[in-house]
Amino acid sequence: MLSEREKMLAGELYDKLDPELVRARDRARDLCQDLNAMRFSQQEERQRILQELLGAGGEDVWIQSPFFCDYGFNILLGKKCFFNFNCVVLDVCQVKIGDYTLFGPGVQIYTATHPLNAKLRRQQEFGKSVEIGSDVWVGGAAVICPGVTIGSGCVIGAGSVVTHDIPARVLAAGNPCRIIRELTDM
């Protein structure tokens, strides 16, 4: 029988109040609070916390505080990723982000979602992984919804709500986010 954590990572319904998951969320929130309370000049300590928090990529990521996440260990970053102020990553499932990807202020990435049935929603939730390619720029206040893949070389306009996959090398924006044009000057 699968543990609640294994169910969560597999995208199945799970009990979010499972003691192991509560401890893991508390750990991540404590690390985020420590990170968010540090002075910008404390770079070595900030990098140490990020390496402890994130599943991969903490050694050369640039995260402006405040930053918030559910677990941290499900966030897998490529080289030189940048998160501007006030980003949120709800990482109940894997969030994989490629090299040199930039997030504007207030970007939110959601893998957590909930059943449509209200009775079931009271006790369980589930998630869908998010994957964002390399060299992507996500404008401020954009929301990336559960299960979305964004191809490499994309630009996602500020304030967009990305509800479906976006192919590589396009400019996309809006609510819901739509392709505006191809990006050919790469």
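Trainee: Hi! In which sense do strand S6 and strand S11 pair, and over how many bridges?

Mentor: Good place to start. This is a predicted model, and in it S6 (residues 95-97) and S11 (residues 130-132) pair in the parallel sense over three bridges.

Trainee: And which residue in S11 is the bridge partner of Lys-96?

Mentor: That is Glu-131.

Trainee: What is the strand order in the open sheet?

Mentor: The sheet has four strands in the order S3-S6-S11-S14, and the pairing is parallel. Strand S3 (75-77) and strand S14 (149-150) are the edge strands, each pairing on one side only.

Trainee: Let's move to S5. Which residues does strand S5 cover, and in which sense does S5 pair with strand S2?

Mentor: S5 covers residues 87-90, and it pairs with S2 (residues 67-69) in the parallel sense, over three bridges. Phe-67 has Cys-87 in S5 as its bridge partner.

Trainee: How many bridges join S5 to strand S8?

Mentor: Three, and S5 and S8 (residues 108-110) run parallel. Look at Leu-90 there: its bridge partner in S8 is Tyr-110.

Trainee: Changing topic, where is Lys-7 found?

Mentor: Lys-7 sits in helix H1, which spans residues 4-9.

Trainee: Is Lys-7 buried or exposed?

Mentor: Lys-7 counts as buried because its relative accessible area is 18%, and the cut-off for buried is under 20%.

Trainee: Which residues does Lys-7 touch, leaving out those up to four places away in sequence?

Mentor: On that count, Lys-7 touches Leu-2, Glu-12, Leu-13 and Tyr-14.

Key. Residues are numbered from 1 along each chain as its sequence is written. This is a predicted model: local features need pLDDT of at least 70, side-chain atom pairs count only at pLDDT 80 or more; totals for chains, interfaces and linings use all residues. Side-chain values use heavy atoms; hydrogens and water are left out. Two strands pair if DSSP finds at least two bridges between them. Helices (H or I, at least four residues) and strands (E, at least two) are DSSP runs, numbered from the N terminus. Buried means under 20% relative accessible area, exposed over 50%, partly exposed in between (1.4 Å probe, protein chains only). Contact means heavy atoms within 4.5 Å.
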